[in-house]
Amino acid sequence: VREEGLRQALSALIPEVKVDVVADPVLLLDKEGWNDLASERIINEPYLLFYQVRQSAMAYFTARQLAERKGLKLICLSAKVELENSEEVACASPADFVSLFRYASFVVTTSFHGTAFSVIYGKEFVCIDVSDGKGSRQKNLLDKLGLGNRIVQDVLHAEELPSINAENLKSKLKEYRNDSIDYLKRCGL
């Protein structure tokens, strides 16, 4: 399974079976592999990427405030088109999606995959806690990588965070990736 909560639930239901947690498949490819799939740079100036799947007015407010305070253009990637004051990128191809994360200066997200691509690319980012009970995948991933503090409620908490130690993150992510690949190989996959 891909998250600790599901492992615990399944282990309680079938205690005789060992249930393991492995990385989400998106994390099995390193950034060089994703670079091969990404389109060329789309936005030619420094920008904050706001990617939301789970809608949150606080997340949008946080993204807008952080972009303004950091002097970055706000780029929104969302299924919703009612966001204002931004160059909206409402729909992006898979290659453009990866490119937007690759070149972002900072990321604000409510999404697991937004969190995952921020981690893959070693970006400064925050994951906004929208308190809807659906953030366990982000929390599990960030706790595993020692980045649990990246889940925040608002702009004030986002501004208080220290910078991410890129080398430490790269090392932990590589270990997590390799452990998951080894598990899949042991399963004959």
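Reply: Beyond its neighbours within four places in sequence, Thr 62 contacts Ile 128, Asp 154, Val 155 and Ala 158. The model is a predicted one. Thr 62 sits in helix 3, residues 57-70. Its relative accessible area is 0%, so Thr 62 is buried.

Now the nonpolar cores. The largest one has 33 residues. Val 26, Leu 27, Leu 49, Phe 101 and Phe 117 touch the most other members. Several elements give two or more residues to this core, including strand 1 (47-52), strand 2 (73-78), strand 5 (125-128), helix 6 (136-144) and helix 8 (166-186). Helix 4 and helix 5 are also among them. Helix 5 gives the most, with 5 residues. Apart from this core lies another, of 18 residues, with Ala 63, Leu 72, Leu 74 and Val 126 among them.

Leaving out residues up to four places away in sequence, Val 26 touches Trp 34, Phe 112, His 113, Ala 116, Phe 117 and Ile 120.

Next, the helix pair. Helix 4 (residues 94-103) packs on helix 5 (residues 112-120) at about 55 degrees, and the axes are 9 Å apart. Helix 4 is therefore oblique to helix 5. The crossing is right-handed. Helix 4 makes the contact through Phe 97, Val 98 and Phe 101, and helix 5 through Gly 114, Phe 117 and Ser 118. By type, the contact residues are 4 nonpolar, 2 polar and no charged.

Conventions: Residues numbered from 1 in each chain as written. Predicted model: local features only at pLDDT ≥ 70, side-chain atom pairs only at ≥ 80, totals over all residues. Heavy atoms only, no water. Axes fitted to C-alpha atoms, helices over the stretch in contact; angles between N-to-C directions. Helix = DSSP H or I, 4+ residues; strand = E, 2+ residues; numbered from the N terminus. Parallel < 35°, antiparallel > 145°, perpendicular 65-115°, else oblique. Left-handed = near helix turned anticlockwise from the far one by under 90°. Contact = heavy atoms within 4.5 Å. Nonpolar A, V, L, I, M, F, W, Y, C, P; charged D, E, K, R; others polar. Buried < 20%, exposed > 50% of the residue type's maximum accessible area, 1.4 Å probe, protein only. Core = buried A, V, L, I, M, F, W, Y, C linked by side-chain atoms within 4.5 Å.
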